[in-house]
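This briefing concerns selected local features of one model. Please consult the sequence and the structure alongside the notes.

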Amino acid sequence: MFRNYLRPLGLLALTVVIWVLLTIEGLFFPVRLIASLLLIGFLPGYALFSILFRRDALDVTDLSAFVISFSLGITILGGILLNLTPFGLSEEGWRLWLAGFTIIALLISLFRVETKADDFAGSHRRPHNLSTSQIMIFAAAIVLFGMSIAIAYEGDRSRPKEEFAQVWLFWEDYWQGAVNMGLNNLETQTNDYRIVLLSTGTTIHEWEVTLEAQESWQVQYMIPRHFLATSEVSLVVYRAGETEIYRSTTLRVGN
Amino acid sequence: MRRNLWGWIRYFWLWLNPHVERHPRHPEVELSEEEQRHWGWLPMLTLFSAFCVLLIALAMTGARYYLPNSETLFWVAILAMYALNITRLLSTGASRRERLGIVLLLGLSIYFVKIIRSPSYFSFYDELLHRRTIDDILTTNTLFSTNTLLPVSPLYPGLEILTNAIVKLTGLDIFTSGLLVVGIGRLLFMLGMFLFYERFSHSSRVAGIATALYAANPHFIFFDAQYGYESLALVFALMTLYALEYRAYAPEGHIAGVTFLVLITLGSTIVTHHITTIFLLIFLVLWVILEHLPYWWDDERPDFLNFFLLAVVGTLSWMVYIATIVINYLVQPISSAIFDLVNIIFGKEEGRQLFANTNETYTIPLYEKFLIYGTAILILIGVAWGVLWIWRVHRKQISYILMALVGLAYPATQVLRFTSTGPELAGRIGPFMYTGISFVVAVGIVRLYPGLRFHWKRHIIFTVLCLLLFWGGILLSFARWAVLPGEYMASADTRSIEEEGISTAEWAARYIGANHVFAADRINALLMVSYGNQRIVTGSFNQIDVPGFFIAPILYPDQYHLLCQVGIEYLVVDMRFTEVLPMFGYYYEGGELGPRSYDRPLEAGVLNKFDFDRYFDRIYDAGNIRIYQVRREAFCDVP
């Protein structure tokens with residue numbers, strides 16, 4: 001008779017462990033991932049299932065459909081409820097809802113544990129019947145699926161594309177003449193730039209900058225007052241050794 | 001002569017209406033208990049499908065590197081994958097376990113195609129709309145924020161709630177979490193569809209074939225695999241129907257549990273997607289009507305009236321209390337399409353030309369047109385044949401009649417493709433119609449190819465026909481140029497979303513701050529909303545001529561006035577529009593040139609005008625994309 005309580009008690013313990021684990025900062029990522037997905041996609045649904053159905057009442061395919069649907073639905077509808085609480089859809093709120101729901105449901109299901117054989121046993125649970133070679137074939141298939149994703153990801157990341165840099169210049173404080181300017185080198189190699197701050201053709205300041213791939217340069221600069229009487233301020237960027245303008249930005253001054 | 005004719009009519013009528021049993025079964029080979037435990041071809045099919053997916057990944061990568069024959073490799077791999085799986089599903093000797101496994105494998109493999117198409121970030125238009133919604137929820141931990149490009153998205157937050165839970169608990173990023181949500185949904189969907197069809201037909205063979213035919217639905221490969229609310233809502237809608245059918249014949253001890261499942265899945269559908277909920281209601285109302293007709297009345301079977309009423313109350317309550325704007329959002333395109341259709345019928349308007357080119361650089365090949373027309377004809381023939389046999393053999397089974405009615409609605413919905421506003425509507429109806437179409441066609445197939453013994457000719461013929469349906473479905477889903485990645489194309493959704501646009505939007509979020517008002521073209525507007533957390537001005541939402549700011553050679557005084565009135569702070573200008581034509585016929589919004597269409601790209605001077613206008617500062621330059629700040633203090637009455 002005690003054997004009938006093993007499964008709900010085991011799941012109860014698992015839920016509590018998951019709840020505790022998910023409160024740990026810096027938890028090993030694969031553990032966090034598995035624990036979270038169990039809490040979202042399986043445990044609440046199975047707990048509810050345990051209340052509503054007798055043990056082994058369903059075929060494994062129907063069972064899977066019921067449990068996953070229950071779990072996802074409990075999560076979604078629970079999110080609507082969480083929105084009404086002070087927790088909101090925060091991490092704490094989710095832990096409380098999903099683990100709390102599961103624990104309460106499992107406790108209720110303990111009262112429903114049958115001590116005799118199931119009269120409605122519609123289970124047609126056949127053994128999996130997989131041979132070693134079949135398992136190896138499935139494993140090889142999983143490896144191929146994984147390789148496909150890896151090839152696609154790497155191919156997308158390193159595909160030939162127009163590389164570029166971002167340049168900007170905007171007023172940080174117009175009345176003080178403070179500007180925010182910068183350059184992001186979003187190319188895949190180190191580049192040298194000549195950056196010139198101009199006021200209607202007159203150079204205010206010039207910088208020679210070397211940026212590695214994905215590196216940024218940013219400056220907040222106070223434009224001298226006498227340059228603010230002109231009509232525009234520009235930031236012009238040249239690649240080192242070139243005379244053609246690579247990037248340019250312009251701010252008008254005055255009305 | 002009349003007597004002979006009458007005799008033929010009478011003969012046909014008797015042939016059409018033979019005596020039928022209440023629950024006839026499909027003739028199939030009865031497998032032994034030992035045979036039911038076998039996995040059959042599934043291991044090798046899994047390996048083969050994985051290999052095909054690998055080839056597809058290589059093809060997509062080849063397309064990214066502009067290698068020749070990448071497209072050919074893609075089509076060969078995906079068609080081979082489908083062909084081998086459908087051929088096993090058509091066979092007579094596969095066990096239920098194997099058929100279910102193949103169906104799950106097929107669904108997952110096709111989903112992998114979508115992941116491989118966009119492995120690094122969301123690149124489908126609707127995905128980015130929902131990305132903004134999930135981003136807002138993650139930031140604020142609350143629901144029902146504002147999304148200027150898709151205002152109804154935050155009001156149906158089921159997808160984003162699930163994603164939020166995964167992001168918060170696992171620490172994964174939005175993109176990976178979104179892939180997980182839709183992937184789990186896809187598996188559950190295939191499982192649910194198989195079980196649903198199996199409950200209806202009492203045949204795992206019919207269920208397997210029908211589910212595989214559903215994969216030929218044009219939305220299956222990309223649209224309903226993307227991070228969008230329909231992708232998840234379909235799962236719950238299907239599970240609702242499955243649970244209702246299960247409940248109809250469930251033993252007494254299961255009634256309460258299945259009722260709970262109906263309530264949970266119904267509630268989840270209602271809060272996830274509006275259109276799916278409405279089609280679920282339509283399905284339920286048909287079901288309720290049929291089961292109350294005397295011919296189909298069954299004392300042993302509980303009716304669904306209570307659930308239907310509950311569904312109506314739930315849907316209306318959500319619309320009235322939460323999602324009021326959805327009424328106009330749905331009614332407007334439907335009424336527009338219906339009015340167009342009526343005008344075409346009465347000759348007041350010309351019908352839309354099918355396969356009309358919106359871009360002269362791409363012409364649809366002749367074989368593609370034949371394939372697409374052929375797919376439509378095959379579906380019509382398949383549905384007609386299936387409906388005929390449903391009536392002859394299964395007309396006392398309400399589930400069959402229900403599927404037949406859904407399948408028969410297909411031709412009527414496709415007429416909408418001839419209207420100017422109807423093609424998208426006709427396409428959106430597809431996933432729901434295919435629920436009936438695939439079942440009806442599967443019934444028709446097993447009628448011609450019963451599961452009693454192997455016929456190699458019929459096997460090959462039906463494999464080829466199913467393959468043609470699948471091929472045509474992919475071509476209907478996306479223009480061929482959009483199926484594979486490649487070089488940048490203007491206003492071409494997945495072919496337009498790339499690093500420069502994304503990084504520009506991220507730059508705006510980081511350096512300018514969030515919730516500023518932007519005006520931009522179709523794609524950069526989308527990126528600004530999703531990655532940039534900005535607000536976008538659109539013609540439909542703000543009732544102003546946004547394209548006019550960009551494509552006019554100069555700005556007129558009333559346009560400056562509009563800039564002030566609407567509060568536009570920044571303009572995004574994409575200089576690539578001076579080099580390439582737009583793939584959908586417009587850069588900014590449909591109809592921006594009125595009745596005309598672009599025959600050449602925009603003039604550089606048109607987009608450069610802001611550099612010579614003292615009311616605009618060019619504050620950002622990334623080469624192709626520039627951001628201009630509107631100097632509102634110079635000409636607006638800013639307090």
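His202(B) is partly exposed, with a relative accessible area of 37%; partly exposed lies between buried, under 20% relative accessible area, and exposed, over 50%, with a 1.4 Å probe and protein chains only. This is a predicted model, in which local features need pLDDT of at least 70, side-chain atom pairs count only at pLDDT 80 or more, and totals for chains, interfaces and linings use all residues. Residues are numbered from 1 along each chain as its sequence is written, chains are lettered from A in the order in which they are written, and side-chain values use heavy atoms, without hydrogens and water.

**Positive phi in chain B**

- Most residues other than glycine have a negative phi.
- His202(B), although not a glycine, has a positive phi of about 55 degrees.
- The loop between α8 (174–201) and α9 (204–214) of chain B holds His202(B); helices are DSSP runs (H or I, at least four residues), numbered from the N terminus.
- Tyr66(B), also a residue other than glycine, has a positive phi near 60 degrees.
- Tyr66(B) lies in the loop between α3 (42–64) and α4 (70–90) of chain B and is partly exposed, at a relative accessible area of 47%.

**Helix packing in chain A**

- The axes of α3 (residues 43–52) and α4 (residues 60–82) of chain A come within 7 Å and cross at roughly 115 degrees; axes are lines fitted to C-alpha atoms over the stretch in contact, with angles from 0 to 180 degrees between N-to-C directions.
- Residues in this contact (heavy atoms within 4.5 Å) include Tyr46(A) and Phe49(A) of α3(A), and Phe66(A) and Phe70(A) of α4(A).

Methods
Helices (H or I, at least four residues) and strands (E, at least two) are DSSP runs, numbered from the N terminus.
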